[in-house]
Amino acid sequence: MDKINVIAVVGPTASGKTALGIELAKIYNGEVISADSMQVYKGMDIATAKPAEEEMDGIPHHLLGFLDKNQSFSVADYTALAKEKISDISGRGKQPIIVGGTGLYITSLLENINFPEIKRDDSLRKSLETEAAEKGNEELFKRLVKCDPETASELHPNNLVRVIRAIEVYELTGRKISELKAESRKYETPYKTAFIGLNLSDRQKLYDRINMRVDLMIKAGLEREARDVYESGEMKTAGNAIGYKELIPYFKGECGFEECIDKIKQETRRYAKRQLTWFRKNAEIKWLMLDEFDNKEKILNFCKKYIAKLFSL
């Protein structure tokens, strides 16, 4: 079968994926499909670094800000929607470009992983939520580490929705999500993907970019956005976003503002490390070390040569 050519711009937070995706869309007559598990929600703009209209520069973006914050959204939900978008964009003679840092979404979509249907158990979920509320997220996370260490290694303890889902799957089936995922790679992918990974050879430079981004988020109104979410009570899903949960102690009067900001920076750096660990498992990624290029033109030439070779353009 003829495969659809897809460009995927991946890498850690604050590495410049959004900007590169837009530049490549201009070159290849493309449209961008977001692969960010938090950017799908409405009103979560600053904390998730959702691109603004002016930043998009006329390039159509898909799967951004279309869900209410209290709605759950699974990997299977994402892959189903993203597949539709790829088919539509390609069918109109345009180039699909996946941009994001949620590794599980990107892998599941582009490697065509089909997850088995495992129904939810509301009573079990309620019990796990109560356990987390009474004993803390860390204690529930330890439970996941014992039953499915592979999945636990890909999640943050505060990502309560996914921690609970992983435990739920194990309790209902006696199988790990990681095992089920491995068994689901039965079908050949319909995509030929040019994976471009963004990183910096000097890790401190990446951390400096992260710290600067958080500072800019504060100036843009992160505190107000986080307070609105907190006061609305829509923290079940939104509370997983870095930048919101770290400010809760400040809203409660338990911690100073600057201390919470430092915590946001620390958690974002940790998240970047987890992203890099995930993406380094993919041998198909062509890594672009941004600090080894001194201008945008050279970066784009690097990408164009790789894409031309892979797609035989």
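Helices (H or I, at least four residues) and strands (E, at least two) are DSSP runs, numbered from the N terminus. The model is predicted: local features need pLDDT of at least 70, side-chain atom pairs count only at pLDDT 80 or more, and totals for chains, interfaces and linings use all residues. Residues are numbered from 1 along each chain as its sequence is written, and side-chain values use heavy atoms, with hydrogens and water left out.

**View 1. Arg-274 in helix H14.** Arg-274 has 24% relative accessibility and therefore counts as partly exposed. Buried means under 20% relative accessible area, exposed over 50%, and partly exposed in between (1.4 Å probe, protein chains only). Not counting residues up to four places away in sequence, Arg-274 touches Ser-153, Leu-155 and His-156. Contact here means heavy atoms within 4.5 Å. Pro-12 is 262 residues away along the chain, yet its C-alpha atom is separated from that of Arg-274 by 8.3 Å.

**View 2. The largest nonpolar core, with 42 residues.** A nonpolar core is a set of buried Ala, Val, Leu, Ile, Met, Phe, Trp, Tyr and Cys residues joined through side-chain atoms within 4.5 Å. Tyr-78, Ile-98 and Leu-110 have the most contacts inside this core. Two or more residues come from each of strand E1 (4-10), helix H3 (75-91), helix H4 (103-110), strand E5 (191-199), helix H10 (203-220), helix H11 (222-232) and helix H14 (257-279). A second, separate core has 29 residues, including Ala-14, Ile-97, Leu-288 and Cys-303.

**View 3. The surroundings of Ile-98.** Neighbours within four places in sequence are left aside.

**View 4. Helix H3 against helix H4.** Two packed helices are described by the angle between their axes and the distance between the axes. The axes of H3 and H4 come within 9 Å and cross at roughly 55°. Axes are lines fitted to C-alpha atoms, for helices over the stretch in contact, and angles run from 0 to 180 degrees between N-to-C directions. H3 and H4 are therefore oblique to each other. Angles under 35 degrees count as roughly parallel, over 145 as roughly antiparallel, 65 to 115 as roughly perpendicular and the rest as oblique. The H3 and H4 crossing is right-handed. A crossing is right-handed if the near helix is turned clockwise from the far one by less than a right angle, and left-handed if anticlockwise. H3 brings Val-75, Tyr-78, Thr-79, Ala-82, Lys-83 and Ile-86 to the contact, and H4 brings Leu-104, Tyr-105, Ser-108 and Leu-109. These residues divide into seven nonpolar, two polar and one charged. Ala, Val, Leu, Ile, Met, Phe, Trp, Tyr, Cys and Pro count as nonpolar, Asp, Glu, Lys and Arg as charged, and the others, Gly among them, as polar.

**View 5. Helix H4 is mostly covered.** Seven of the eight H4 residues are buried. They are Gly-103, Tyr-105, Ile-106, Thr-107, Ser-108, Leu-109 and Leu-110. Their cover includes E1, H3, strand E4 (95-99), helix H8 (160-173), E5 and H14. Asn-112 follows H4 and has a positive phi, near 60°.

**View 6. Helix H5 against helix H6.** H5 (residues 122-135) packs with H6 at an angle of about 130°, and their axes are 6 Å apart. That makes H5 oblique to H6. Leu-128, Glu-131, Ala-132 and Lys-135 of H5 make the contact with Asn-137, Glu-139, Leu-140 and Arg-143 of H6. The set divides into three nonpolar, one polar and four charged residues.

**View 7. Arg-143 in helix H6 (residues 137-147).** Arg-143 counts as partly exposed, at 29% relative accessibility. Beyond its neighbours within four places in sequence, Arg-143 is in contact with Leu-128, Glu-131, Ile-167 and Glu-171.

**View 8. Loop residues Ala-14 and Ala-49.** Ala-14 sits in the loop between E1 and helix H1 (17-28). Its phi is positive, near 70°, in a residue other than glycine. Ala-14 counts as buried, at 7% relative accessibility. Ala-49 is in the loop between strand E2 (30-34) and helix H2 (53-56). Ala-49 is not a glycine either, but has a positive phi of about 55°. Ala-49 is partly exposed, with a relative accessible area of 24%.
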